Amino acid sequence: MNPKLPYVLLVGAAVIIFILSCMLLSRGRRSPSCESQPHIVEKTGSMSQSLVFADLTPEELAQVVRYLQGNLGVQLVDASHAKPSDNCIASVDVQVPAKAEVLRFLDGGGPRPRREALAVLYFGNQPDPNVTEYVVGPLPTPVYHRDITVQKYGGKVPYHRRPMLGSEYEQVGAFLETVAFAAAPTFLKEVFEYDGTNVAFQTTAPHGFRSGDRKSWFIVFQNVSGFFVHPVGLEVLVDHSSLDISQWAVSRVFYNGQYYRDMVQLESVYVQGRISVEKVRKAPRDGDFSSMKPRAPAAALFPLQYEPQGPRYSVRNNHVLFQAWSFAFGMSVNTGLRLFDIRHKGERVAYEISVQEALSVYGSNCPGGMSTRYMDGSFGIGRYTSPLVRGVDCPYSATYVDTHSLSETLSPSKRKASLCIFEQNLGSPLRRHYSNLQSLYYGGLVNSALVVRSIATVGNHDYMWDFIFYQNGAIEGKVQATEYASSSFLHGDGLRYGNRVWEHTLGTIRTHSINYKVDLDVGGVKNSLVAHDMAFEMTRAPWSPEQQIERPRLTKKVLDTEDQAAFRLQSKMPRYIYFAANSKNKWGHQRGYRIQITSFAGDHIPEASSMERAISWARYQLAVTRRKEEEPTSTSIYNQNDPWTPTVAFADFINNETITNEDLVAWITAGFLHIPHSEDIPNTVTVGNSVGFLLRPYNYYDLDPSIYSHDGVFFTSEQDFTACEINPLACLPKTASCLPNFPPFTYDGFQNM
């Protein structure tokens, strides 16, 4: 035996142990954390300029309240517990300056516009009760207020038009429980096992049939999770028009298909046994079938997205920068998410894109359902914007933004994480081509877009509002709806108005209509509206004259007036319709941005209806009008409670004015028909319930601007596509092998309710 052999074996064993140790250690070592800071340097000027559109800060809101309390000469009660006969502040929001002032500041080096607030006050404690709107300024230290109500609406706003405060709902609820229900104790106890806590109410709107009415049907449900689909068959019409709560009264009662004068009569016929009773099985507190609690245990985690080299966008105050895009954002108390000064490659393409209204019109054979036409702006789309849940409502690693508002209180409220911003890989190419003819190559671009999102929960409705920015210069405005289906008690011919979704529950048919304001400024403020479409023409084949060819050709038309630019909801609209600039691209075409609508709306309410003018914006899938400061919105929060004499009637905006080479606004309506079905239990999913619009460059550029994106991939058959310098995807094992920095999960949605 060679004497050196044991030493050789020992050395070999030591080497093997060392290698195995390194392997084990490397396996146990964590990958490095991904970067979390954005790699973007923003110009300070653009950030500070965007503040001209910014929502009011908590300090500014508090200053406005203090000023109003000290300078109106009347006592202001906190709206959260105000009676109808009190004076109170309903809301305070930013007063966005006039467009001409803002553009002088942004583009012309002019002075910064004064910062002002818009305050809505209810004056119930005076000889002529009314709603008054004041502009208060300048902020942050106000010294003046100006009543703009008559200037804005052409007259005073009658008090009966005021949106209901939360305190009024509470007062009606107390009236039902202590006065109305006290008149039918036997019926309520024996039919519903009523104990003062086990019922919930849902109101309807508008409140009556004529101007001045304030009579509301209150639908009674079991007070359980998801109560919206637990009707018990009882509905009560309350007249709460008097400013003296002691004068409120029950006007009518409905139970299981029959109408009664009041609760006294209902109790009487029940005790006498002259009523058809349909007892509803008592649901557990979690709602049973309406519970949102998962029916399956947690399993493998769903896919997550992360940013291996940190966010590629920046959010500073209310200003967002993403690749070639920049814009300012805000949150209106009434209408919710809105954007201003939207620019691509440094050039403004839109001055304002904002939600205007969300309308739902219901059908039923029960009084509450058949009379419901909700205009959610009146309740407050922005006010009811809810805190977002990381990982579900938005990607876990999104940027979450807090918003502040003042509504129905004397103190500003903070809604944590009520808006999110994130870049999303949509999982498909924005464009691609695989060439296997002549030359062999692949070229493509991942479709990664920036999303700005808020979600408003207004009653049973959850609206997910998105504005999406694509690398090719397109903008998408989209709303996805999910909700608990509003329901009626199933009786009689109820199936004419929906589908049965549970034992006593009728999911009632309804239409949803969403209105947007899109103030495009394409190549400048002055634009024209142009329609392109197609028509087939018959011609003889030049090389074979005896043969006929049908070929499509381009049709072109300039739409000169507002009447020509108002397209009814179900009418045929040109498939290419765009705002045209006064400048041309390299190829001699007018630069433009095309409006493309995605909608499958139900029918509009008949124009013969006494309340149709209040929602006349919904007549049109698209209407383009001259932009006017006195026409800032397509509707009003006061239209809900007096649609018979609307404070703002959009139909009046369309008066055949010339719209060639003018500052124009597009009013876009998208919607869908919802016939609830069994799969809407426990609640409706977003799939298939998404509508909106696209704004797409149309000859605006000389070629697709996304060709300049850093995300492009291209390689040929002759290249080494595994090399990082040729194909960045080949580097992913190195560039993306990091652990995302997920912050701890928190949620503040149950605080400060």
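A charge is said to sit over a ring if NZ of Lys or CZ of Arg is within 6 Å of the ring centre and within 35 degrees of the ring normal. Arg-390 lies over the face of Tyr-396 in this way, at 5.7 Å from the ring centre. Arg-162 is placed over the face of Tyr-159, at 4.1 Å from that ring's centre.

Colleagues, a word on the source. The model is predicted, so local features need pLDDT of at least 70 and side-chain atom pairs count only at pLDDT 80 or more, while totals for chains, interfaces and linings use all residues. Residues are numbered from 1 along each chain as its sequence is written, and side-chain values use heavy atoms, with hydrogens and water left out.

I turn to the aromatic pairs. Rings of Phe, Tyr and Trp (its six-membered ring) pair if their centres lie within 6.5 Å; planes under 30 degrees apart count as stacked, over 60 as edge-to-face and the rest as tilted. The structure holds 40 such pairs. One of them joins Phe-53 and Tyr-351: the centres are 5.9 Å apart and the planes at 75 degrees, so the pair is edge-to-face. These two residues are 298 residues apart in the chain, and both are buried, that is, under 20% relative accessible area (1.4 Å probe, protein chains only).

Tyr-516 and Phe-693 are also edge-to-face, because their ring centres lie 4.9 Å apart with the planes at 75 degrees. Tyr-516 is buried, with a relative accessible area of 1%, and Phe-693 is buried with a value of 1%. Finally, ring pairs link Tyr-516 and Phe-693 with Tyr-463, Trp-465 and Phe-467 into a cluster.

Notes. Helix = DSSP H or I, 4+ residues; strand = E, 2+ residues; numbered from the N terminus. Buried < 20%, exposed > 50% of the residue type's maximum accessible area, 1.4 Å probe, protein only.
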